[in-house]
Amino acid sequence: MTHHRWFTPWLLVAPAAVWLCVFSVFPSINTLVLAFTNAKPLGGGHFTGLANFGRALDDDQLADALVNSIVYMLVCLPLLTLLPLLIAILVEKKLPGIMFFRTAFYTPVVASAVVVALIWGWLLDDRGLVNGFAQWLGVIAAPVPFLTDRWLLLFSAISLTIWKGLGYYMIIYLSALGNVRRELHEAAAVDGAGPVRRFWSVTVPGVRNTMLLISVLVSVSALRVFSELYVLSNGTGGPGGRDMSLVMLIQLYSRGFTGHLGYASALSLVLLVVTIGPMLLLLRLNRKAA
Amino acid sequence: MLALTVSPFLWQLSTSLKSVQEDIYTRTPSFLPEQPTLANYAEVAETVPVWSYAANSLVVAAIVVAGNAVGATIAGFALAKLRFRGAKLLLGLFLATLVLPGEVTIVSQYVTVRSLGLADTLLGVALPGAIGMLNVLLMRTAFQAIPREMDEAAIIDGATAWQRLRHIGLPNVRGMLSVVTIFAFIGAWDDFLWPLIVLTDPANYTLTVGLQYLNGTFSANPRLIAAGTMISFLPIVIVFAALQRFFFKGVEEGAIKG
C-alpha cells in the first residue's frame, strides 16, 4: 500500500520528466529526422532523402576529421588510462598536505577548456615561453610551429587534453584504489615483490574494472573533442581547416548564413556511430558489474 | 609533477600583471613581473565588456545550479522512495539518455531552443542543462542509500512525502547534493560549445565565448588575453578551493555507496 496521494510522485518528477522529453527525447528523434532534410538556420527543411549522407561521403574535411579523431583516441587512450593511475598511487599515501596536492592536480579539471587552451596557446606561441626557452638553450634555431602545422597542432591539442584530464581520472582511480586490500600489498611485499611487480600483480588487477571504465570514458571524450582544437586554431581548424574535429564540423554547420542544420544532423549521426563502439563496451561492463 | 599542473596558470597570471614596458617576448623572460600592474585588467574591460560577460556567465550558472539542486533532488527522491506507476519506464529513459553524447543532439537542441524563442538569450543557454539527467540518477542513488527502516518509522508516525524528503531525505544526501551543485556550477561556468552555438550577439556572450572572441579579434596583446583568462579562471578556482572538502568527501562517499 502507498502512503502518499497518487499524484505526489508525479508532481515531484514532473520538472525532470518535462526536461527529459523536451531536451533529451525530442532532440534525439529530431536529429534523426533533420538528417534527412535540407534544414538551414534560415528556412529550408524539406525531405531530401540520403542527400546529406551522399555529401558526407565526398566531404574531405569529414575524412580529415575522422582521421584526427582516430589519432586523438589512439594517443589519449593508453596515456590517460595509465598516467592518472600512477599519479593516484603517488597521491594516495596519507602524507601531510595531501589535500593541497589533490586540489592542485584537480585545478586543470575545473578550469574551462577555453582558459586552458588560451594559456597553452600563449605558451606554445612562436614567441611564447616554450619556443623562447628552447631557442635560448640552443636546442632549436627557429621556432617550432606548434600551432600552425597540421600535425603539430593536433598533437598540441592532444597533449593539452591529456594534461587537463589527468586530475579527473586520478580522482576516479583514487576511490578505486581505496578498495584494493592493503593485506594483499603487504603479503606481496613479504614475499619479496618489488614496487613494479606489486603494481602489475596487485594494483592493476585490483582496479581492472575501473581501468576499463576509464578507457571507455577516455575514448568517447577524445572522439568528442571540441574546445581545445577550436581555441588553439582560433576557430579556423588549422592550416586549410584540416585540424577540424567532428564536433567542430557540427558546430560549423549549425550556425550563420552558411549553416546547414540538416547536414550538421547527419554529421551528428556519424559522431553517434563512431562513439557507439566504446559505449556498447561500457554498457556490457555495467551489466557485468550489476 | 606538481609544477607541471600549476605553473602554466602562474605563468599566465604573471603575464597578466606585466606592464606594457616589460618585454614579454624576450627569450629569458622573468617569472615575476618587474612592475606588477592591474592596467591590463582595466584595458581588457575597455576592449570587450568582460565584466558583463562574467555577469552573464554567473546568471547562466545560477539558473543551472538552482534548477539542478531543486529539480534533480525532488525527482531523485520520488524515483528512489515513492512507488508509482511508470517509475520503471521513466528510470529507463533517464538511463538511456546517458549513452548519448550531448554533442549528437546539440543541433536539434538548438532548433528546439530557437523555436521556443530563446535563441541568442542567456535563458536559452541555461535551460537545457537546468535539470541534468545524470544528476537525477545521482540523487536517486543517494536517496536509495538511506535505510528503509527510517522511512517506515516516519510513515507510521504519519509523515507526508514532503516531510520525509525534508527531515529524512535531505539531511542524508548532503554529500551528493554538494557534488551535484559544484559540478553544475563548474559545468555551466566552463561550457563553451553550447553558448557558442546559441549566442550570436557579442553583447550576450558568456565569459568563455567572450574570451575566444577577444582572442580571435584582438589577439595582438597576450597580456590582455592573460588578464581575460584570469577573470574567468580565478572565480572558479576560489569556489572550488573553498568547497573542495565537501567535493572530495562527496566523491568518496558516492564511490563507496554507488
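Author: The model is predicted, and every value below is computed from it. The phi angle of Asp120(B) is near 60°, a positive value in a residue other than glycine. Its relative accessible area is 21%, and Asp120(B) is therefore partly exposed, since buried would require a value under 20%.

Asn234(A) is not a glycine, yet it has a positive phi of about 60°. Asn234(A) also belongs to a loop, the one between helix H11 (227–232) and helix H12 (246–253) of chain A. With 31% relative accessibility, Asn234(A) counts as partly exposed.

Asn234(A) leads on to the other chain, for it is one of the residues touched by Gln212(B). Gln212(B) is part of helix H12 (residues 207–217) of chain B. Neighbours up to four places away in sequence being left out, Gln212(B) touches Tyr230(A), Val231(A), Asn234(A) and Gly235(A) from chain A, together with Phe192(B) from chain B. The relative accessible area of Gln212(B) is 7%, so this residue is buried.

A further meeting of the two chains involves a pair of helices. Helix H5 (residues 113–123) of chain A and helix H1 (residues 2–16) of chain B have axes that come within 10 Å and cross at roughly 75°. H5(A) and H1(B) are therefore roughly perpendicular to each other, as angles of 65 to 115 degrees are classed in that way. On the side of H5(A), the residues that meet H1(B) are Val116(A), Leu118(A), Ile119(A), Trp120(A), Trp122(A) and Leu123(A). Their counterparts in H1(B) are Pro8(B), Phe9(B), Trp11(B), Gln12(B) and Thr15(B).

Leu152(A) is found in helix H7 (residues 150–177) and, at 28% relative accessibility, counts as partly exposed. Apart from neighbours within four places in sequence, Leu152(A) is in contact with Val144(A), Pro145(A) and Phe146(A). Ile250(A) is 98 residues away from Leu152(A) along the chain, and the C-alpha atoms of the two are separated by 23 Å.

It remains to describe the chains themselves. Among the contacts in chain B with a separation of 6 or more, 73% are accounted for by residues 24 or more positions apart. Chain B exposes about 11,400 Å², and carbon and sulfur atoms supply 64% of that area. The chain carries 16 positive and 16 negative side chains, with the centres of the two sets 14 Å apart.

Chain A likewise comes to 13 helices and 0 strands. Its C-alpha trace spans about 80 × 70 × 30 Å along the principal axes, and buried residues make up 51% of its 290 residues. Of the contacts in chain A between residues at least 6 apart in sequence, 70% join residues at least 24 apart. The accessible surface of chain A is about 13,800 Å², with 69% belonging to carbon and sulfur atoms. Chain A has 20 positive and 13 negative charges, whose mean positions are 12 Å apart.

Terms used:
Residues numbered from 1 in each chain as written. Chains lettered and ligands numbered in written order. Heavy atoms only, no water. Contact = heavy atoms within 4.5 Å. Areas by Shrake-Rupley, 256 points an atom, 1.4 Å probe, with all protein chains shown as cover. Lys, Arg positive; Asp, Glu negative; His and termini not counted. Charge placed at Lys NZ, Arg CZ, Asp CG, Glu CD. Axes fitted to C-alpha atoms, helices over the stretch in contact; angles between N-to-C directions. Helix = DSSP H or I, 4+ residues; strand = E, 2+ residues; numbered from the N terminus. Parallel < 35°, antiparallel > 145°, perpendicular 65-115°, else oblique. Buried < 20%, exposed > 50% of the residue type's maximum accessible area, 1.4 Å probe, protein only.
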